[in-house]
Amino acid sequence: MKPEQKTADVSFESLLRIFTVPEGPDSTLTKIDEELSRNLNKFLREHIVAEEKPLRDIEKDFSRAAIPEQPEFVSDHTQHLLDTLVSHSVHTSAPSFIGHMTSALPYFLMPLSKIMIALNQNLVKIETSKAFTPLERQVLGMLHRLIYGQNDSFYAQWMHSANHSLGAFCSGGTIANITALWVARNNALKANGTFKGVEKEGLFKAMKHYGYEGLAVLVSERGHYSLKKAADVLGIGQEGLVAVKTDNNNRICPQALQQRISELKAQNIKPFAVIGVAGTTETGSIDPLKEIAHICQQEDCHFHVDAAWGGATLMSNNHRHLLDGVELADSVTIDAHKQLYIPMGAGMVLFKQPDAMKSIEHHAQYILRKGSKDLGSHTLEGSRSGMAMLVYAAMHIISRPGYELLIDQSIEKARYFAELVKQQADFELVSEPELCLLTYRYLPPHVKAALEHSKGKQTEQLNELLNELTKFIQKRQRETGKSFVSRTRLNPQRWGNLNTIVFRVVLANPLTGTDILSSVLEEQREIATQAPKLMSKIDALSAEIVAQSE
Ligand SMILES: *Cc1c(COP(=O)(O)O)cnc(C)c1O
């Protein structure tokens, strides 16, 4: 028997092995692989530790800048990863982690991802993707049909047409939104007379040619921050992204939109796109899409719908009416890695018109030749993985009615939780769930009474203290590691539009039961007692306010 080798060596032979021979049946890697396939949730539960380790300490494990000179055995390194990385990552699929949009995943995606990674197809051009290209085009066709519902002959004509594209598959909603606005910008500043188009001559000449003083994109004040990035990279400037007032339900006010457009035009600024949000990130609210579409038609604006999170609702015949008007959009963003339960790195933008993306078409001699079916000629990203395969598989394995059940139960659960919050004397529901997202805060009855009686400065002071309390509870709950809700800042009309910190809950995990929802509230109530100093300040101010008002 050979003595067991303690350190790996650098040799071409061992390098060849990592490209060919799998690990032995007793290796750590093989065991992990088996555990993962047998029971994914158990694996995650066992390997992610609940107690929070301070980031400062974790950073110490990741502090060496030198690339190792000594190779490690795969099994040893895997153990190292389990100890330092996996154990201190976030259990995003835990049923009690109801604060984010990163979803739990169906188990079948693990082995399928392995196949996808092993194949390592590059979707930029057909030479490195072959069947993956028609598959991705079909996935885009499916989402297009889900939104726009064109007939079979439409898809027969356009889905696989070399010179057209129904949309773009990309890494996420950010790139999808940038792509939509890129198309809108180029169509608004297209070739005209001697002017060769913004894509050839740039913004400066485009503005001179068209005689504009600036460009603008309008979205509600609840728009996602990715739109600011889009405005920046497209040369519109962050100030060119104009925030429009929302109503009490966090939906854009159409009158305010119309007025802002008129104001911009009076300054010779071209509003070339309006974005409707279908499922805002903070409250899950849906803008009145039909009314926005009408304004866009009249104003000759591109109408984009950011349905990155909420778009999956279209899978439910019971709830898709909530997005009525989405079919009038020129383009729509949907993230498959949110409510379609696909791992991260799966975003899409769909265009109503099959030739809309012509304005961003790029060709190169060695790849992306004209007339080829290469998807890369219509995407911002270059090399891209075969993620569309996972969307394709989920569409078939879960199917539309399966997604409908998932969407419906999420919305029902959110409504249940909203009712539960309302029944508690010491909690306040801040935003009703339109989809499966809601916000609330801890507000004991005597403080609520004081808040109702308070005026001006005192309202602000009391609200500020409550904000501190909400922050404290949210942070402590996260650190304790049993459950996680997120927090955001809203300006509810009820309390005079003051900056109000709220708990934010997203109920998309099918494994989250109603018992968990009750215990989340229970835990928050209990944590509130752990801030006696803050609570007594709140109590004192409340008493003062009530005494004054009597
Ligand atoms: C998540 C989200 C985005 C950004 O998507 P990424 O996939 O994170 O890039 C954009 N808009 C909305 C409404 C979102 O919810």
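Good morning, colleagues. The model is predicted, so local features need pLDDT of at least 70 and side-chain atom pairs count only at pLDDT 80 or more, whereas totals for chains, interfaces and linings use all residues. Residues are numbered from 1 along each chain as its sequence is written, and side-chain values use heavy atoms, with hydrogens and water left out.

I begin with helix packing. Helices (H or I, at least four residues) and strands (E, at least two) are DSSP runs numbered from the N terminus. Axes are lines fitted to C-alpha atoms, for helices over the stretch in contact, and angles run from 0 to 180 degrees between N-to-C directions.

Helix α12, residues 254–266, packs with helix α13, residues 289–299, at an angle of about 20°, and their axes are 10 Å apart. That angle makes α12 roughly parallel to α13; the classes are roughly parallel under 35 degrees, roughly antiparallel over 145, roughly perpendicular from 65 to 115, and oblique for the rest. The crossing of α12 past α13 is right-handed, meaning that the near helix is turned clockwise from the far one by less than a right angle. On the α12 side, Pro254, Leu257, Gln258, Ile261 and Lys265 make the contact, and on the α13 side Glu291, Ile292, Ile295, Gln298 and Glu299 do, where contact means heavy atoms within 4.5 Å. By type, these residues are 5 nonpolar, 2 polar and 3 charged. Here Ala, Val, Leu, Ile, Met, Phe, Trp, Tyr, Cys and Pro count as nonpolar, Asp, Glu, Lys and Arg as charged, and the others, Gly among them, as polar.

Turning to another pair, helix α2 (residues 28–38) and helix α3 (residues 40–47) have axes that come within 5 Å and cross at roughly 120°. The two helices are therefore oblique to each other. Ile32, Glu35, Leu36 and Arg38 of α2 meet Leu40, Phe43, Glu46 and His47 of α3, a set of 4 nonpolar, 1 polar and 3 charged residues.

Next, the salt bridges. With a side-chain nitrogen of Lys or Arg required within 4 Å of a carboxyl oxygen of Asp or Glu, the count comes to 21.

Which residue does Glu434 meet in a salt bridge? The partner is Arg251, at 3.4 Å from N to O. This pair links distant parts of the chain, 183 residues apart: Glu434 sits in the loop between β8 (427–431) and β9 (437–442), and Arg251 in the loop between β3 (241–244) and α12. Glu434 counts as buried at 16% relative accessibility, whereas Arg251, at 27%, counts as partly exposed. Buried means under 20% relative accessible area, exposed over 50%, and partly exposed in between, with a 1.4 Å probe and protein chains only.

Arg494 and Glu452 form a further salt bridge, with their closest N and O atoms 3.2 Å apart. Arg494 lies in the loop between β10 (486–490) and β11 (500–506), and Glu452 in helix α15 (residues 445–453), 42 residues apart. Shared partners join Glu428, Arg441, Glu452 and Arg494 into one network of salt bridges.

Finally, the backbone. Asn250 has a positive phi of about 60° although it is not a glycine. Asn250 lies in the loop between β3 and α12 and is buried, at 11% relative accessible area. Tyr341 also has a positive phi of about 60° without being a glycine. Tyr341 belongs to the loop between β6 (331–335) and β7 (347–351), and at 4% relative accessibility Tyr341 counts as buried.
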